[in-house]
Amino acid sequence: MNAAEQWKLLEQWERARDGRLDDAEAQALSQRILHDPEARRFLAEAALMDAELRVGGEPVMAAPVVVSSRTAWRPRLTHGLTAIAAAIVAAGLVWVLVREPA
């Protein structure tokens, strides 16, 4: 695909995104994307670049987050400590309310 074809494809893609293509143009663009791997790849790269620019240059497709065994236990520990603290407070309230005055 030469530079003139790339510019035409980008122009059609922008117009399609803005809803300014008529039905025949939209159909032709769809068929080209479906049947032309080079055009499909070119538009995919353009769309990715556009998305990266819209979010401030940060990569849109970040690497998957891997939770190590070191950090996997932290939420469970936090919930467990919260439950233990609630049980201690409840037991203290029961002890204060139930005990007989001296």
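A helix axis here is a line fitted to C-alpha atoms over the stretch in contact, and an angle between two axes runs from 0 to 180 degrees between their N-to-C directions. Keep that in mind for the tour. The model on your screen is predicted.

**Stop 1: the whole chain**

Show the chain as a cartoon. Its secondary structure comes to five helices and zero strands. Start at the N terminus and follow the elements: they run α-α-α-α-α. Now colour by burial. Of the 102 residues in the chain, 10% are buried. Next, turn to contacts between residues at least 6 apart in sequence. Among these, 45% join residues at least 24 apart.

**Stop 2: helices H1 and H3**

Select residues 3-17 for helix H1 and residues 37-54 for helix H3. At what angle do H1 and H3 pack? The angle is about 55°, and the axes lie 11 Å apart. H1 and H3 are therefore oblique to each other. Their crossing is right-handed.

Now show the side chains where the two helices meet. From H1, pick Gln-6, Leu-9, Leu-10, Trp-13 and Arg-17. From H3, pick Ala-39, Phe-42, Leu-43, Ala-46, Ala-47, Asp-50 and Arg-54. Colour this set by residue type. How many residues of the contact of H1 with H3 are nonpolar, polar and charged? There are eight nonpolar, one polar and three charged.

**Stop 3: Gln-12**

Stay on H1 and select Gln-12, which is found in this helix. Is Gln-12 buried or exposed? Its relative accessibility is 16%. Buried means under 20%, so Gln-12 counts as buried. Now look for its contacts, leaving aside neighbours within four places in sequence. Gln-12 is in contact with Leu-21 and Leu-29.

**Stop 4: Arg-15**

Move along to Arg-15, also placed in helix H1. Apply the cut-off again. Arg-15 has a relative accessible area of 18%, so this residue is buried.

Show the side chain of Arg-15, then that of Glu-25. The two side chains make a polar contact at 2.8 Å. Which residues does Arg-15 touch, not counting those up to four places away in sequence? Select Arg-20, Leu-21 and Glu-25 to see them.

Before you leave, keep Leu-21 on screen. Gln-12 is in contact with Leu-21, and Arg-15 touches Leu-21 too.

Definitions and conventions
Residues numbered from 1 in each chain as written. Predicted model: local features only at pLDDT ≥ 70, side-chain atom pairs only at ≥ 80, totals over all residues. Heavy atoms only, no water. Helix = DSSP H or I, 4+ residues; strand = E, 2+ residues; numbered from the N terminus. Parallel < 35°, antiparallel > 145°, perpendicular 65-115°, else oblique. Left-handed = near helix turned anticlockwise from the far one by under 90°. Contact = heavy atoms within 4.5 Å. Nonpolar A, V, L, I, M, F, W, Y, C, P; charged D, E, K, R; others polar. Buried < 20%, exposed > 50% of the residue type's maximum accessible area, 1.4 Å probe, protein only. Polar contact = N/O pair within 3.5 Å; in protein donor to acceptor, adjacent residues only side chain to side chain.
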